Amino acid sequence: IRTNINRNKQQNIEQLVNNYVNRLRSMNIHNAAVLVINNQTHAVEGYVGSADFNNPQDGGQVDGVRAIRSPGSTLKPLLYATAFDMGILTSKSALNDVPTNFGGYEPENFDKLFHGKVSVEFALANSLNVPAVKVLKEVSTPVFIEKLKKANFQTIQKNAKNLGFSLALGGCGVTLEELTNLFSAFANKGK
């Protein structure tokens with residue numbers, strides 16, 4: 001089988017995943033997946049679909065790289081980049097992080113706190129949710145969905161008509177493979 005997997009890198013990644021899962025078992029975390037892409041060549045050099053393939057109790061034979069999961073806040077960098085490209089915001093633009101109702105949708109931050117007037121830079125660095133939804137409202141959900149389609153997010157393409165403001169906070173399904181390709185594009189000036 002021809003592959004770009006780097007044997008040493010693969011062994012190190014498998015050990016890191018094993019160590020990570022062992023440290024977090026007390027928090028009821030029993031599995032993890034990792035995909036390593038060479039940003040210059042886009043070749044996959046490391047691939048761990050699960051912490052233990054032979055563990056059926058914890059989904060060992062589920063390929064976490066290709067499984068559809070919520071991306072959480074990992075789409076926020078693309079959302080803000082889209083707003084920058086559209087000229088809507090800069091990293092120093094001010095946004096309000098205050099309780100807000102978006103037509104019945106009331107996002108909160110992970111820490112349940114609000115921070116008032118913040119810069120885009122602060123909002124992204126601290127993964128604030130209300131500013132992200134406000135940015136999605138400005139960008140528009142259809143425009144952001146088109147960006148995700150161009151980045152080859154297949155599950156978003158299939159479910160585009162059902163997506164709303166929660167898209168900014170992970171209210172959609174993506175794969176680790178799609179996310180890794182997106183972040184590799186950031187390392188390559190958007191390509």
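**View 1. The largest nonpolar core of the predicted model****.** This core comprises 32 residues, and those with the most contacts inside it are Leu-75, Phe-144, Ile-156 and Leu-167. Two or more residues each are contributed by α2 (76-86), α3 (120-125), α4 (129-139), α5 (141-150) and α7 (176-186), and of these α4 gives the most, with six residues. Apart from this core lies another one, of five residues, which include Ile-13, Val-17, Val-21 and Ala-32.

**View 2. The surroundings of Ile-156****.** When neighbours within four places in sequence are left aside, Ile-156 is in contact with Leu-75, Ile-145, Leu-148, Leu-163 and Leu-167, and also with Cys-172, Gly-173 and Val-174. Among these partners, Leu-75 and Leu-167 are listed together with Ile-156 itself as residues with the most contacts inside the largest nonpolar core.

**View 3. The buried residues of helix α2****.** In α2 the buried residues are Lys-76, Leu-78, Leu-79, Tyr-80, Thr-82 and Ala-83, and they pack against β3, α3, α4, α5 and α7. The helix is followed by Gly-87, which has a positive phi, near 80 degrees.

**View 4. A nonpolar patch on the surface****.** Met-86, Ile-88 and Val-143 form this patch, and together they have about 210 Å² of accessible area. Ile-88 is located in the loop between α2 and β3 (94-97), and it counts as partly exposed because its relative accessibility is 31%, a value that falls between the limits of 20% for buried and 50% for exposed residues.

Conventions:
Residues numbered from 1 in each chain as written. Predicted model: local features only at pLDDT ≥ 70, side-chain atom pairs only at ≥ 80, totals over all residues. Heavy atoms only, no water. Core = buried A, V, L, I, M, F, W, Y, C linked by side-chain atoms within 4.5 Å. Buried < 20%, exposed > 50% of the residue type's maximum accessible area, 1.4 Å probe, protein only. Helix = DSSP H or I, 4+ residues; strand = E, 2+ residues; numbered from the N terminus. Contact = heavy atoms within 4.5 Å. Patch = residues over 30% accessible without salt bridge, like charges linked within 9 Å, V, L, I, M, F, W, Y side chains within 5 Å. Areas by Shrake-Rupley, 256 points an atom, 1.4 Å probe, with all protein chains shown as cover. Salt bridge = Lys/Arg side-chain N within 4 Å of Asp/Glu carboxyl O.
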